[in-house]
Amino acid sequence: MIEGSLPRLEFWCELQCPDCRTALADVRTLRARYGDALAIELRHFPLEKHKHAYAAAEAAEEAFAQGLGWPFVEALLERVEDLEARGTEVLLEVAREVGVDAEEVDTALVDGRHMLTVDADQAEGRAIGVTGTPTYVIAGQRLDGGKSQDGLLERVVAAVEAAKAS
């Protein structure tokens, strides 16, 4: 790590997860506090219990490819119930709302161009012990928020500050 730089924060997320929607407030707080100095990387961990989560992860990857990943992710997390009820239609609506080419998202869902990325994230998540979402990984430390988010933001901040101090 370069002196004075911050470690990367991995945000293991499932885009149909109500707890991840709640965690979005923590991500926004971290961005406000650290700005661009703290790189926050979205990692996909779609859970089988949510039937549209995998497609949502693929759609998010297409949005990132178009340079609008975070706006797409944030807007989609605000609509988890809608995604549960209406599926792919919501992915395309959110894409249009944030300026992502919805036709290209639809094509990406059909041709599976982002499946390898989503599959790789899932495999890595399992390998490092991710079992639920949201989960954060920072400076080699895994912080699970899937069971409880109480104190999670404070634990992330403490990990960032400890890494910053070392």
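This is a predicted model: local features need pLDDT of at least 70, side-chain atom pairs count only at pLDDT 80 or more; totals for chains, interfaces and linings use all residues.
Strand 3, residues 135-138, is joined to strand 4 by 4 bridges, and the two run antiparallel. Helix 8, residues 152-165, packs on the sheet here, where it touches strand 1, strand 3 and strand 4. The direction of helix 8 makes about 170° with that of strand 4.

What is the order of its strands? The sheet is open, with 4 strands in the order 2-1-3-4, and the pairing is mixed. So which strands stand at the edges? They are strand 2, at 40-44, and strand 4, at 141-144; each has a single partner strand, so one side of each is left without a neighbour in the sheet. On average, neighbouring strands are turned by 20° against each other, ignoring direction.

There is another helix to point out, helix 3, which covers residues 69-77. Helix 3 packs on the sheet as well, touching strand 1, at 9-13, and strand 2. Its direction makes about 60° with that of strand 2.

Finally, please look at the loops on either side of strand 3. In the loop between helix 7, residues 115-127, and strand 3 you will find Pro134. The peptide bond joining Thr133 and Pro134 is cis, with omega about 0°. Then, in the loop between strand 3 and strand 4, there is Ala139. Ala139 is not a glycine, yet its phi is positive, at about 50°.

Methods. Residues are numbered from 1 along each chain as its sequence is written. Side-chain values use heavy atoms; hydrogens and water are left out. Two strands pair if DSSP finds at least two bridges between them. Axes are lines fitted to C-alpha atoms, for helices over the stretch in contact, and angles run from 0 to 180 degrees between N-to-C directions. Contact means heavy atoms within 4.5 Å.
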